[in-house]
Amino acid sequence: MEFLIAPSLLASDFSKLGEEVKALEKAGADWIHWDIMDSHFVSNLTFGPPALKALRPLSSLIFDAHLMVEKPENLLLPFAEAGADSITFHLEACPNPLDLIKKIKALNLKAGLSLKPNTPIDKALPFLESLDLILIMTVEPGEGGQTFLTEQAEKVKILKNKINSLNVSTLIEVDGGINPETAKKVPQADVLVSGNYIFKSGNYTTSISQLRHCV
Ligand code: DX5
Ligand code: ZN
């Protein structure tokens, strides 16, 4: 069992984003996770389409945009034009996700749905068959460096069972407080997002490899 690894740029050195993305690709990362925050859905404010567009030519990795924003519908086209490969929005920001999922797919992007820790997994199950990706938050969205919420692991197990019973190829991505120890608690996941563990490790290649092979 090997995980795909998606380093979160939120924990990177913002003074050299281009070098960081190139170093992550060289170190074996599979995706680049972009934490997009609008200071409304979460209090933090990070990057927008121009930053992603600037880095697009520097890497062939999948740019995985995690929209922690109040009005995700306003950002689909800008992020598609900037070069995002997948757009994940929050169910809590969009009670009727089907329309947004269709719009993302019409832009030829992968469509993902994310759940905050307090949102029950059964709220997302009706949309599973139309989703390429489900992002399970294992911390409260808004900041990196938080502690993994162990009880969220149950959602990943339920989700995997449902994906298997529906025989769909939806990927499970987990995000928040991920390191080789906490990743062991979510063995059914396909993609691990990790910020502080990778960027504070001092060696991107080793930390990515340890995450990839930790179960
Ligand atoms: C939190 C973000 C996560 C976070 C992960 O709102 O969605 O992607 O940056 O960072 P770590 O791995 O440090 O918890
Ligand atoms: Zn994220």
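**Pockets and ligand**

Guide: In this predicted model, the second largest pocket is lined by Trp31, Ile62, Asp85, Ser86, Lys110, Asp132, Leu133, Ser169 and Leu171.

Visitor: How much space lies in the second largest pocket?

Guide: The second largest pocket holds about 170 Å³ of space. Its lining has four nonpolar, two polar and three charged residues.

Visitor: And how much space lies in the largest pocket?

Guide: The largest pocket contains about 250 Å³. It is lined by 25 residues, and those closest to its centre are Gly144, Gly145, Gly176, Gly177 and Gly195. At least two lining residues come from each of β2, β3, β8 and α7 (196-199).

Visitor: What is the make-up of that lining by class?

Guide: The lining of the largest pocket has 10 nonpolar, 11 polar and four charged residues.

Visitor: Turning to the ligand, which pocket has its space taken by ligand 1?

Guide: Ligand 1 takes the space of the largest pocket. Two or more residues of the shell around ligand 1 come from each of β2 (31-37), β3 (62-68) and β8 (191-194). Of the elements, β2 gives the most, with three residues.

Visitor: Which residues are closest to ligand 1?

Guide: Ligand 1 is surrounded by 20 residues, and the closest are Asp35, Gly142, Asp175, Gly195 and Asn196.

Visitor: What distances separate oxygen atoms of ligand 1 from side-chain atoms of Asp35 and Asp175?

Guide: For Asp35, an N or O atom of the side chain is 2.8 Å from an oxygen atom of ligand 1. For Asp175, a polar side-chain atom lies 2.5 Å from a ligand 1 oxygen atom. The protein buries 99% of the 380 Å² that ligand 1 exposes when taken alone.

Note on methods
Residues numbered from 1 in each chain as written. Chains lettered and ligands numbered in written order. Predicted model: local features only at pLDDT ≥ 70, side-chain atom pairs only at ≥ 80, totals over all residues. Heavy atoms only, no water. Near = heavy atom within 4 Å. Polar contact = N/O pair within 3.5 Å; in protein donor to acceptor, adjacent residues only side chain to side chain. Areas by Shrake-Rupley, 256 points an atom, 1.4 Å probe, with all protein chains shown as cover. 1 Å grid on protein atoms, 1.4 Å probe; cavity = no way out; pocket = protein on both sides within 12 Å on 5 of 7 lines; lining within 4 Å. Sits in = over half its atoms within 2 Å of the grid points. Helix = DSSP H or I, 4+ residues; strand = E, 2+ residues; numbered from the N terminus. Points joined across faces, edges and corners; volume = space filled by probe spheres on them. Nonpolar A, V, L, I, M, F, W, Y, C, P; charged D, E, K, R; others polar.
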